[in-house]
Amino acid sequence: MATSSQSSVEPGSNEVKDYICNACEDQNTVETSADFYCKQCERFYCGNCIHLHGKLFAKHNSIGRVDIDKWPVSKKVVDFLQTCDVHKEHKIDQFCKLHKQLCCPQCVSDQHR
């Protein structure tokens, strides 16, 4: 999994936005949707940034959205999926066999002893 991959999650929303451009993010500009992934760099690029990347790293092969199934899962998406719906500050790390439910440590303490 690429450690530099990012995806944006709107505060207070269950919607996980698409991948964002790491180069734009590094420059602290507006979150721009990524259109390409470079496997060698393990980074995502928007249409504007991929051109400069292509000039600097001509031998790198970028993967476009047509082959998005070859992109890694974003770390933020994984974090979002592992976050407890009830206790947002906790990660889900256990399974209650009795209730057949995924739980965070606080859920276990509160409801699944």
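Biologist: How many disulfides does a search of the whole structure find?

Modeller: The model is a predicted one, and the search of the whole structure returns 0 disulfides.

Biologist: What makes C46 a cysteine that is in no disulfide?

Modeller: The nearest cysteine sulfur to that of C46 belongs to C49 and is 3.6 Å away. A disulfide requires the two sulfur atoms to be within 2.5 Å, so C46 is in no disulfide.

Biologist: Which cysteine sulfur is nearest to that of C103, and what follows from the distance?

Modeller: The sulfur of C96 is the nearest, at 5.2 Å.

Biologist: Is C46 counted as buried or exposed, and why?

Modeller: The relative accessibility of C46 is 4%. Buried means under 20%, therefore C46 counts as buried.

Biologist: What relative accessible area does C103 have, and how is the residue classed?

Modeller: C103 has a relative accessible area of 1%. Because the limit is under 20%, C103 is classed as buried.

Biologist: What share of the chain counts as buried?

Modeller: Of its 113 residues, 31% count as buried. The chain exposes about 7,800 Å², of which carbon and sulfur atoms supply 53%.

Biologist: Which pattern do the helices and strands follow along the sequence?

Modeller: The chain contains 4 helices and 7 strands, in the order β-β-α-β-β-α-β-α-β-β-α. Among contacts in the chain with a separation of 6 or more, 35% come from residues 24 or more positions apart.

Notes. Residues are numbered from 1 along each chain as its sequence is written. This is a predicted model: local features need pLDDT of at least 70, side-chain atom pairs count only at pLDDT 80 or more; totals for chains, interfaces and linings use all residues. Side-chain values use heavy atoms; hydrogens and water are left out. Buried means under 20% relative accessible area, exposed over 50%, partly exposed in between (1.4 Å probe, protein chains only). Helices (H or I, at least four residues) and strands (E, at least two) are DSSP runs, numbered from the N terminus. Contact means heavy atoms within 4.5 Å. Accessible areas come from the Shrake-Rupley method with a 1.4 Å probe; for residues, only the protein chains shown count as cover.
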